[in-house]
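Take a look at the sequence and the structure below. This report walks through some charged pairs and nonpolar groups.

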Amino acid sequence: MDERTTCLVVGGGPAGMVLGLLLARAGVEVTVLEKHADFLRDFRGDTVHPSTLQLLDELGLGDEFARLPQTRLEQVVFPTADGGTVTIGDFRRLRVPHPYVAMVPQWDLLDLLADAGRREPSYTLRMRTEMTDLLREGDRVVGVRYRTADGATGEIRADLTVACDGRGSVARRQAGLRPTSFPVPIDAWWFRVPRLPSDRPAALAPRAAPGRFAVVIPRETFLQVAYIGRKGADPELRARGIEAFRRDVAELIPEFRDRVDALASMDDVKHLDVRVDRLLHWHVDGLLCIGDAAHAMSPVGGVGINLAVQDAVAAATLLAGPLRKGTLTTGDLAAVRARRLLPTVLVQGLQRALHRALVGPLVEGRRPGPPAPVLALVHRLPRLSVVPAYLIGVGLRPEHAPAFARRTPARS
């Protein structure tokens, strides 16, 4: 027997979960497919920026989010050659309800969104269910085939299928959509070390040395570290072994000398092949790509989650009415890209500029940190730190919850 829904969302990441929740609040029958049994996966983006925090308030979820274990970061600082630091971005200068970045394990955010979705009668979340193929009628996508963790297979038909399954999107590939890729000089390696009671990070503080740098991200019980080096260096790092990697980390972050033994082997160091790409067209008839499926972002600035969330809000705002009325057209799908293309292009352009001017020279050993003129300018005019803070924390076109999705939080 064929299963049917109005909107089928492939992928239970931030974009998919936000889109599913918002469409369900509009009264659209929506089904979200997530291939894993839970959301517990290490080294996913954990930055929840001021624009997303405000969105959660608008959805009536701000109080629930505030109760999640989290660390609040108020500044982005860079080391200087004299051993000091300079503040590049100061979120405290933003005139927003939440002038900070909340560091929250992504699985906690996704669980919160899933719980909110389950409270809507037209919402279905199917865990352990993986899309395997697109269903087509002629040139139109009309749903997907799926396989569950126990091997059962089936089909779900839908008026619209939305690919939210990340930068390796199966749905995108099967739809014949191919992204344009841009050169990237870096890769990232993620690992964790214990967090001590004396650790009180309030700033996102990169540690830089010729050929590499690291960003230490606080979690409640440990520190998550992004170690950034040159593109394609993973085989070399693994060939050198864990002892050499521990020495590299201890030289870069001296206060970790007594913690690097927590890295038992290179299996504890996870490689991320950094990409920057985007689709020319985000849709075909019956299928739309958003988030990383439409545009993979560099980790520089940590903006990937928030752009994906804003894609989802824009898609729900533009598509809820046509989906309810049964009048959805390819023009409606094209409108989502038209609304989100400019902020996507501008952010990727900024990231590519930072790759060329800062990150690339650093990992190639040509410069130990930010260019001296930039540091001198920020020292002389500290108020300029609001500009990077706004670009990172709010973005170039922040999206707000549509009226149909807004809620007042329940009071006990």
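## Terms and model

Arg230 has 38% relative accessibility, so Arg230 counts as partly exposed. Keep in mind that this model is predicted.

## Charged pairs

The structure holds 23 salt bridges. One of them joins the side chains of Arg230 and Glu236, at 2.4 Å from N to O. Arg230 is partly exposed. Glu236 is partly exposed too, because its relative accessibility is 42%.

Another salt bridge links the side chains of Arg118 and Asp115. Here the N to O distance is 3.1 Å. Where do Arg118 and Asp115 sit in helix H4? They are three residues apart in this helix, which covers residues 106-118, so about one helical turn separates them. Asp115 has a relative accessible area of 38%, so Asp115 is partly exposed.

Arg275 is partly exposed, with a relative accessible area of 35%. For Asp273 the value is 29%, so Asp273 is partly exposed as well. This pair belongs to one network: salt bridges with shared partners join Asp187, Lys231, Asp273 and Arg275.

## The nonpolar cores

Which residues touch the most other members of the largest nonpolar core? They are Phe65 and Leu113, in a core of 75 residues. Helix H8 spans residues 304-325 and gives the most to this core: ten residues.

Now follow Phe65. Set aside its neighbours within four places in sequence. Phe65 is then in contact with Val48, Leu53, Leu56, Gln70, Ala102, Val104, Leu109 and Leu112. Another core lies apart from the largest one. This other core has 29 residues, including Val184, Trp190, Ala226 and Ala389.

## A buried proline

Pro206 is in strand E15, which covers residues 206-209. Is Pro206 buried or exposed? Its relative accessible area is 7%, so Pro206 is buried. The cut-off for buried is under 20%.

Compare Pro206 with Val96. In sequence, Pro206 and Val96 are 110 residues apart. In space, they are 25 Å apart, from C-alpha to C-alpha.

Definitions and conventions. Residues are numbered from 1 along each chain as its sequence is written. This is a predicted model: local features need pLDDT of at least 70, side-chain atom pairs count only at pLDDT 80 or more; totals for chains, interfaces and linings use all residues. Side-chain values use heavy atoms; hydrogens and water are left out. A salt bridge is a side-chain nitrogen of Lys or Arg within 4 Å of a carboxyl oxygen of Asp or Glu. Helices (H or I, at least four residues) and strands (E, at least two) are DSSP runs, numbered from the N terminus. Buried means under 20% relative accessible area, exposed over 50%, partly exposed in between (1.4 Å probe, protein chains only). A nonpolar core is a set of buried Ala, Val, Leu, Ile, Met, Phe, Trp, Tyr and Cys residues joined through side-chain atoms within 4.5 Å. Contact means heavy atoms within 4.5 Å.
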